[in-house]
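The sequence and the model are shown first.

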Protein chains: 2
Amino acid sequence: MTDLSFAQRLADTLGTDAVSTSADEIEPWLSDWRGMYKGKAQAVVRPSTTDEVAACLALCSDARVPVVPRGGNTGLCGAATPDASPNNVILSLDRMHAIRSIDTTGNTMVAEAGCILGNLRRAAEEQHRLLPLSLAAEDSCQLGGNLSTNAGGVNVVRYGMTRELALGLEAVLPNGEIFHGLRTLRKDNTGYDLKQLMIGAEGTLGIITAAALRLYPRNDVRVVVLAAVNSAQQALELFELLFERGGPRMQAFEFFTAECLDLVLAHVEGMRAPFAERHPAYVLIELADTVDETALRALVETVIGEALERELCTDAAVSESIAQVNSMWRLREEISEAQRADGPHVKHDVSLPIEAIPAFLETAGERVEKHHAGVRLIVFGHFGDGNLHYNLSRPSGAPRDFFAQHGEGLTAEVLDEVARYGGSISAEHGIGQLKRDYFSRYKDPLEIRLMREIRKVFDPHGIMNPGKIF
Amino acid sequence: MTDLSFAQRLADTLGTDAVSTSADEIEPWLSDWRGMYKGKAQAVVRPSTTDEVAACLALCSDARVPVVPRGGNTGLCGAATPDASPNNVILSLDRMHAIRSIDTTGNTMVAEAGCILGNLRRAAEEQHRLLPLSLAAEDSCQLGGNLSTNAGGVNVVRYGMTRELALGLEAVLPNGEIFHGLRTLRKDNTGYDLKQLMIGAEGTLGIITAAALRLYPRNDVRVVVLAAVNSAQQALELFELLFERGGPRMQAFEFFTAECLDLVLAHVEGMRAPFAERHPAYVLIELADTVDETALRALVETVIGEALERELCTDAAVSESIAQVNSMWRLREEISEAQRADGPHVKHDVSLPIEAIPAFLETAGERVEKHHAGVRLIVFGHFGDGNLHYNLSRPSGAPRDFFAQHGEGLTAEVLDEVARYGGSISAEHGIGQLKRDYFSRYKDPLEIRLMREIRKVFDPHGIMNPGKIF
């Protein structure tokens with residue numbers, strides 16, 4: 001059987017409308033948005049129903065054709081970009097974007113994998129509910145990708161990762177069988193919880209076609225604090241105080257250094273420094289509640305007053321309006337864009353035991369400086385989850401291709417230091433192609449062996465997203 | 001090799017102190033606490049370290065000797081009771097009860113599997129932290145059993161099941177290899193999350209030896225509401241109101257019928273009816289917070305006032321002291337004991353989509369009555385999680401062995417009705433031996449096949465807890 005006849009069979013089964021095979025049509029699907037990876041494919045398939053996904057996978061399985069699932073193409077590790085095999089079929093669920101149900105009594109939403117996250121958030125909000133998953137790419141990324149990478153974002157400290165929000169999944173196994181696990185139950189102890197394997201599997205175990213998600217009460221009352229701190233140690237002590245007093249209201253605890261703020265002020269229009277002085281680092285804390293702004297504001301003021309008195313921060317500003325909430329958040333959210341504008345850089349999405357962050361920052365910084373003096377550390381992230389985006393920008397005056405020569409060596413230094421503290425080389429971005437080598441270096445061989453065997457159980461012919469994770 | 005020489009080898013490896021082989025010593029380990037199951041064993045092994053657990057499993061694996069893990073023996077499905085093979089080795093981790101660390105900055109606790117849950121809760125409390133897992137058996141059950149059954153309890157509506165509290169696991173695989181997954185990270189997206197398989201596996205994939213658990217801020221401010229309702233539908237509407245307004249403070253939403261309260265008042269000494277009138281059903285709601293009792297009380301009073309006005313309940317009492325909190329809780333907590341005192345009965349631990357509870361109660365009740373008139377429904381449970389303990393007591397005047405003849409038929413009616421509403425035949429108790437047949441009847445064959453193959457990956461010789469789950 002030639003490739004042409006296989007593409008023809010796909011078109012015969014799914015309809016020509018759902019299958020693209022011309023080079024022009026395929027081209028935009030072959031690379032990731034950052035342009036780091038580029039691969040090949042014989043076809044792009046865009047089914048409209050779960051049954052069509054099943055039919056597609058059954059055909060691919062029979063013909064041993066590799067399948068590369070692609071969501072909103074917002075990933076940072078190349079997991080949704082095909083490898084060099086011209087035989088690949090790229091599978092997009094962008095036509096499966098129905099919200100099948102929203103239940104405000106059971107507090108669940110059942111949505112198809114091709115839904116854009118931001119649309120789901122807005123749909124929940126209209127029903128006076130909160131879908132707490134929130135991240136920078138939310139108006140492009142798709143639910144299927146969020147689940148397949150177990151996406152994190154800014155509210156994990158309160159609501160957990162995507163995993164914690166998924167009550168049930170519908171998925172198609174590589175052989176085309178449909179996994180009917182779209183349960184909305186809070187409790188279901190009947191054997192192994194198989195959906196947990198598919199969440200975070202980066203499309204290696206099958207195709208998630210829909211999910212049942214937990215909804216929360218909407219928090220209409222929000223207060224943001226921007227605090228200046230002298231050090232990560234001080235931020236840690238501030239975190240402890242907020243955790244104890246703020247309790248369940250604390251829904252973000254973000255951190256960024258002076259160097260991050262410098263980049264934002266330099267590269268993003270209309271931004272203003274939040275304090276008269278430049279401080280070594282900043283913490284952005286959001287507290288939110290269902291009711292009673294006065295009580296929340298009183299709580300925040302008491303706690304921040306105590307923090308200033310106990311010298312757990314050196315200065316602090318409390319938002320007084322939603323406009324201020326948004327402008328404070330922009331200081332944090334624009335860092336990635338500002339770093340991009342500054343030029344080529346290297347990202348490390350790592351996590352650490354929270355209490356180890358200060359020591360890690362010290363020793364990792366020393367290793368980076370020793371490896372190559374002058375490399376600029378752009379460190380920010382979801383401090384309350386132990387998650388740092390430990391990014392590097394080239395030394396001032398260094399050529400734009402600085403990281404072509406030094407990037408890999410620097411990454412090895414950083415990740416080695418992460419491992420030394422018992423951290424993770426991928427907190428929320430996944431492994432994809434980018435961290436495959438580091439995955440095999442740092443993951444326990446016992447775990448890798450179990451993963452390989454589990455992958456074989458789901459995908460005996462190895463057609464699902466080959467070359468990804470391991 | 002005879003059995004004797006195998007027991008001898010165990011003793012040689014682990015020390016005679018850790019291995020019991022005499023019939024007298026083994027006897028108490030052969031049955032579950034309710035006396036529903038009884039099996040056989042050649043030895044009881046009580047290792048003191050993870051390495052000793054590993055040595056024991058390596059020996060058992062080599063000799064193909066079945067291993068039955070046993071925690072605090074508080075299970076309700078016979079998962080920790082051996083089958084009829086005289087070859088079984090019972091493995092208890094009761095000597096592994098160290099708390100390895102408590103971290104009040106990272107908010108984690110690392111504890112060994114033999115720890116009694118209540119001790120862990122108290123240890124956290126002393127450090128001003130909350131370990132939210134709370135259930136009736138907490139002063140007997142062990143952490144390893146809690147994890148292996150993914151235990152639920154009264155605070156799931158706020159904090160989730162045991163699964164949600166486990167950040168990392170240390171475990172020994174059936175072949176004696178140690179799984180070093182004792183991470184305390186909040187985020188770690190590096191391949192499949194293998195610990196999720198072991199949680200809830202009822203000891204079929206290996207032995208959990210220790211876990212890293214999440215801790216929360218202690219809630220020193222607590223208010224309990226006992227509300228009288230006319231129906232489950234009314235309870236549901238009350239739940240929706242509390243969910244929207246109470247937000248994250250709502251940490252229990254329990255339900256019980258008038259028949260449950262009758263039993264408690266009849267069989268438990270010193271209990272008093274909470275209202276002058278008898279109402280069809282009752283709801284117990286707990287709200288708790290880190291700070292500010294005045295604000296919490298004001299919130300509760302406003303919300304309950306609205307509930308009464310909107311006729312979402314017919315009467316309500318709000319606790320005014322910790323003594324009242326405790327006495328209100330006793331009305332709910334003593335139901336199991338009161339039903340036991342009333343005589344033989346059948347338990348069903350089921351869950352439903354929350355919004356389906358009223359319809360389920362109606363149609364399931366009709367089926368039970370039709371199957372055998374006069375059977376008394378004793379229905380209570382964790383309503384906010386959709387989890388009902390849908391228990392049956394024999395008709396007044398029926399012989400004590402009524403359920404020997406009618407139990408199975410009645411259970412089939414109940415579970416069939418649960419399945420019809422998309423519910424689960426085991427919400428929080430697990431499958432064990434008790435629900436093995438129902439598991440194979442109601443679980444999708446696709447899921448059972450995947451579970452079988454995964455079990456084989458972990459346990460190729462089938463030595464772990466044979467005959468349990470499937």
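**Chains and annotated region**

The structure is a predicted model. Chain B can be superposed on chain A with an RMSD of 0.0 Å, through a turn of 180 degrees and a shift of 0.0 Å along the axis. The two copies are thus related as by a two-fold rotation axis. Both copies use the same surface, since 100% of the contact residues of chain B recur in chain A.

For chain A, an unreviewed UniProt entry lists residues 37–218 as "domain: FAD-binding PCMH-type". Within chain A, the span of residues 37–218 is 23% helix and 24% strand, and its end C-alpha atoms lie 39 Å apart.

**Helix pairs**

Two packed helices are described by the angle between their axes and the distance between the axes.

| Helix pair | Axis angle | Axis distance |
|---|---|---|
| H14(A) (residues 357–371) and H15(A) (residues 402–420) | roughly 155 degrees | within 10 Å |
| H10(A) (residues 258–267) and H13(A) (residues 335–342) | about 70 degrees | 8 Å |
| H9(B) (residues 232–246) and H11(B) (residues 293–309) | about 150 degrees | 11 Å |

The crossing angle of roughly 155 degrees between H14(A) and H15(A) makes H14(A) roughly antiparallel to H15(A). H14(A) passes H15(A) in a right-handed crossing. On H14(A), the contact residues include A:Phe360, A:Arg367 and A:His371, and on H15(A) they include A:His406, A:Leu410, A:Glu413 and A:Arg420. By class, the residues of this contact between H14(A) and H15(A) are six nonpolar, four polar and five charged.

For H10(A) and H13(A), the angle of about 70 degrees means that these helices are roughly perpendicular to each other. H10(A) contributes A:Cys260, A:Leu263, A:Val264 and A:His267 to the contact, while H13(A) contributes A:Ile335, A:Ala338, A:Gln339, A:Ala341 and A:Asp342. The contact of H10(A) with H13(A) has six nonpolar, two polar and one charged residues.

In chain B, H9(B) and H11(B) pack at about 150 degrees and are therefore roughly antiparallel to each other. H9(B) passes H11(B) in a right-handed crossing. Here B:Leu238, B:Leu241, B:Leu242, B:Arg245 and B:Gly246 of H9(B) meet B:Leu299, B:Val303, B:Glu306 and B:Ala307 of H11(B). The residues of the contact between H9(B) and H11(B) comprise six nonpolar, one polar and two charged.

Note on methods:
Residues are numbered from 1 along each chain as its sequence is written. Chains are lettered from A and ligands numbered from 1 in the order in which they are written. This is a predicted model: local features need pLDDT of at least 70, side-chain atom pairs count only at pLDDT 80 or more; totals for chains, interfaces and linings use all residues. Side-chain values use heavy atoms; hydrogens and water are left out. Axes are lines fitted to C-alpha atoms, for helices over the stretch in contact, and angles run from 0 to 180 degrees between N-to-C directions. Helices (H or I, at least four residues) and strands (E, at least two) are DSSP runs, numbered from the N terminus. Angles under 35 degrees count as roughly parallel, over 145 as roughly antiparallel, 65 to 115 as roughly perpendicular and the rest as oblique. A crossing is left-handed if the near helix is turned anticlockwise from the far one by less than a right angle, and right-handed if clockwise. Contact means heavy atoms within 4.5 Å. Ala, Val, Leu, Ile, Met, Phe, Trp, Tyr, Cys and Pro count as nonpolar, Asp, Glu, Lys and Arg as charged, and the others, Gly among them, as polar. Copies are superposed by least squares on the C-alpha atoms of residues with pLDDT of at least 70 in both. UniProt positions are given in the numbering used here, feature names are shortened, and annotations may be inferred rather than shown by experiment.
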